[in-house]
Amino acid sequence: MMTELNHKGAVQMVVFQSLYEQVAVVLQMKCEDFAMQRTYVTPEQLWAFCVSHIWQEHQLEQLHMHEVVADLCSLTVEQYWALHSAQSS
């Protein structure tokens, strides 16, 4: 059982890392967009935010790149802060 959990976690990390690398340019562009609006985040911080807030109910293996890119492109600073503040509450 423990081996299965470790294997599943390892597979998810590989899928996640691969997807992250594929959308790294989009993450960087979104960070630059946020910076123009005086919200400064790194691509890694933005990725972690999306994983924990936007895609929290999705299986990582089932996310398609076009969905990830669309989510990143449509994310606004206001949505970022609203979701970020909701977590702090």
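Mentor: Let us start with Val23, which touches Trp47, Met65, Val68, Val69 and Leu72, with residues up to four places away in sequence not counted. Contact here means heavy atoms within 4.5 Å. The model is predicted: local features need pLDDT of at least 70, side-chain atom pairs count only at pLDDT 80 or more, and totals for chains, interfaces and linings use all residues. Residues are numbered from 1 along each chain as its sequence is written, and side-chain values use heavy atoms, with hydrogens and water left out.

Trainee: Why is Val23 called buried?

Mentor: Buried means under 20% relative accessible area, exposed over 50%, and partly exposed in between, with a 1.4 Å probe and protein chains only. Val23 has 0% relative accessibility and therefore counts as buried. Val23 lies in the loop between helix H1 (2-22) and H2. Val23 and Met65 are 42 residues apart in sequence, and their C-alpha atoms are 7.7 Å apart in space.

Trainee: What makes Lys30 count as buried?

Mentor: The value for Lys30 is 9% relative accessibility, so Lys30 counts as buried. Lys30 is placed in helix H2 (residues 24-36). Leu46, Leu72, Cys73 and Leu75 are touched by Lys30, again not counting residues up to four places away in sequence.

Trainee: How do you know that the disulfide count is zero?

Mentor: A disulfide is a pair of cysteine sulfur atoms within 2.5 Å, and by this rule the count comes to zero. Cys50 is in no disulfide, since the nearest cysteine sulfur, that of Cys31, is 9.2 Å away.

Trainee: What makes a group of residues a nonpolar core?

Mentor: A nonpolar core is a set of buried Ala, Val, Leu, Ile, Met, Phe, Trp, Tyr and Cys residues joined through side-chain atoms within 4.5 Å. The largest such core has 21 residues, and those with the most contacts inside it are Leu27, Phe34, Leu46, Trp47, Cys50, Val68 and Leu72. The elements giving two or more residues to this core are H1, H2, helix H3 (43-54), helix H4 (65-74) and helix H5 (77-88).

Trainee: How many helices and strands does the protein chain have?

Mentor: The protein chain has five helices and zero strands. Helices (H or I, at least four residues) and strands (E, at least two) are DSSP runs, numbered from the N terminus.
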